[in-house]
Amino acid sequence: MLICGGGLVKHHICNANLMRNGADYAVFVNTGQEFDGSDSGAKPDEAVSWGKVRPEATPVKVCADATLLLPLLVAQTFARER
């Protein structure tokens with residue numbers, strides 16, 4: 001799963017993966033910090049402990065603004081080497 005931003009959307013997408021025994025891949029892109037206790041700021045380890053991400057997966061949290069990073073991720077995904 002690729003989640004840009006956080007809050008309620010992140011919560012529901014992660015919870016949907018509980019029904020399939022956790023996600024195989026997880027990339028969280030947001031600016032949430034762990035110290036404020038919000039769902040956005042939760043580390044990927046939290047999702048693993050709840051079964052939202054499989055233990056054998058390697059989840060990643062990227063601390064960046066999603067509106068800036070998502071176009072770069074998409075561009076790099078479809079970039080062609082010459």
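**Charges, strands and a pocket**

Author: Lys52 lies over the face of Trp50, 5.8 Å from the ring centre; a charge counts as over a ring if NZ of Lys or CZ of Arg is within 6 Å of the ring centre and within 35 degrees of the ring normal. This is a predicted model, where local features need pLDDT of at least 70, side-chain atom pairs count only at pLDDT 80 or more, and totals for chains, interfaces and linings use all residues. Residues are numbered from 1 along each chain as its sequence is written, and side-chain values use heavy atoms, with hydrogens and water left out.

Reader: OK, and what does the charged end of Lys10 sit over?

Author: The ring of Phe28, 4.5 Å from its centre.

Reader: Back up to the fold. What pattern does the protein follow along the sequence?

Author: It reads β-α-β-α-β-α, with three helices and three strands. Those are DSSP runs numbered from the N terminus: helices are H or I, at least four residues, and strands are E, at least two.

Reader: Which strands does S2 join?

Author: Strand S1 (residues 2-4) is joined to S2 by three bridges, running parallel. S2 (residues 27-30) also runs parallel to S3 (residues 60-63), with four bridges. Strands pair if DSSP finds at least two bridges between them.

Reader: And which residues partner Phe28?

Author: Ile3 has Phe28 as its bridge partner in S2, and Phe28 has Lys61 as its partner in S3.

Reader: What about the crossovers, which hand?

Author: Right-handed for S1, H1 and S2, and right-handed again where the chain goes from S2 through H2 to S3. That is, with the strands pointing away from the viewer, the path from the first strand over the helix to the second runs clockwise.

Reader: Switching topic: how much space lies in the largest pocket?

Author: About 190 Å³, the space filled by probe spheres set on the grid points, which are joined across faces, edges and corners. A pocket here is an open set of points on a 1 Å grid where a 1.4 Å probe fits, with protein on both sides within 12 Å along at least five of seven lines; lining residues have an atom within 4 Å of a point.
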